[in-house]
Amino acid sequence: MGIARSTYYDKPAISIDDTELVETMAAISESFEAYGYRRMRAALRHRGLIVNHKKIRRLMREHSLQPRRRRRYIATTDGDHELPIFPNLARNMVPGGPNQLWVADITLGR
């Protein structure tokens with residue numbers, strides 16, 4: 001036949017329509033809204049759809065399926081203690097030059 005022997009063993013390329021792919025990606029991103037293109041590619045591969053990562057990134061960008069980043073709340077101050085809380089005396093002061101406001105930190109290193 002004049003073709004390479006490896007052609008017989010090669011899997012046929014399954015062409016996936018972009019609209020079907022975007023619908024599948026939208027369904028995945030609805031249930032997992034923090035999925036980026038890497039996790040999206042793994043989820044698509046788990047469903048049997050093998051797609052290039054560049055195509056996934058492009059479709060996610062074009063159809064605004066970008067992951068939602070959640071900011072974690074970090075408590076920086078623990079005000080629930082019996083120790084005295086001193087007022088901030090320099091709150092309303094705006095220094096206009098050097099040596100008008102000196103600040104120090106005397107907290108315990110806990």
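Me: Which exposed residues does the face of α4 turned away from its buried side carry?
Reply: This is a predicted model, in which local features need pLDDT of at least 70 and side-chain atom pairs count only at pLDDT 80 or more, while totals for chains, interfaces and linings use all residues. Residues are numbered from 1 along each chain as its sequence is written, and side-chain values use heavy atoms, leaving out hydrogens and water. A residue is exposed when its relative accessible area is over 50%, buried when it is under 20%, and partly exposed in between, with a 1.4 Å probe and protein chains only. On the face of α4 turned away from its buried side, the exposed residues are Lys-54, Arg-61 and Glu-62.

Me: Where around the axis of α4 are its buried residues, on the same side or on opposite sides?
Reply: Helix α4 covers residues 53-62, and Ile-56, Leu-59 and Met-60 are buried in it. Because these residues cover an arc of only 100° around the axis (the arc of the directions from the helix axis to the C-beta atoms), they lie on the same side of α4.

Me: Which helices do the buried residues of α4 pack against?
Reply: A helix here is a DSSP run of H or I with at least four residues, a strand is a run of E with at least two, and both are numbered from the N terminus. Packing rests on contact, which means heavy atoms within 4.5 Å. By that rule, the partners of the buried residues of α4 are α2 (18-31) and α3 (37-46).

Me: Why does Arg-38 count as exposed?
Reply: Arg-38 is found in helix α3, and its C-alpha atom is separated by 8.9 Å from that of Arg-57, 19 residues apart along the chain. Arg-38 counts as exposed because its relative accessibility is 63%.

Me: How many helices and strands are there in the protein chain?
Reply: Read along the sequence, the protein chain follows the pattern α-α-α-α. The count for the protein chain is therefore four helices and zero strands.

Me: What radius of gyration does the protein chain have?
Reply: The radius of gyration is taken over C-alpha atoms, and the globule rule is 2.2 Å times the number of residues to the power 0.38. The C-alpha atoms fill a box of roughly 90 × 35 × 25 Å along the principal axes, and 14% of the 110 residues count as buried. Whereas a compact globule of 110 residues would have a radius of gyration near 13 Å, the value for the protein chain is 29 Å.
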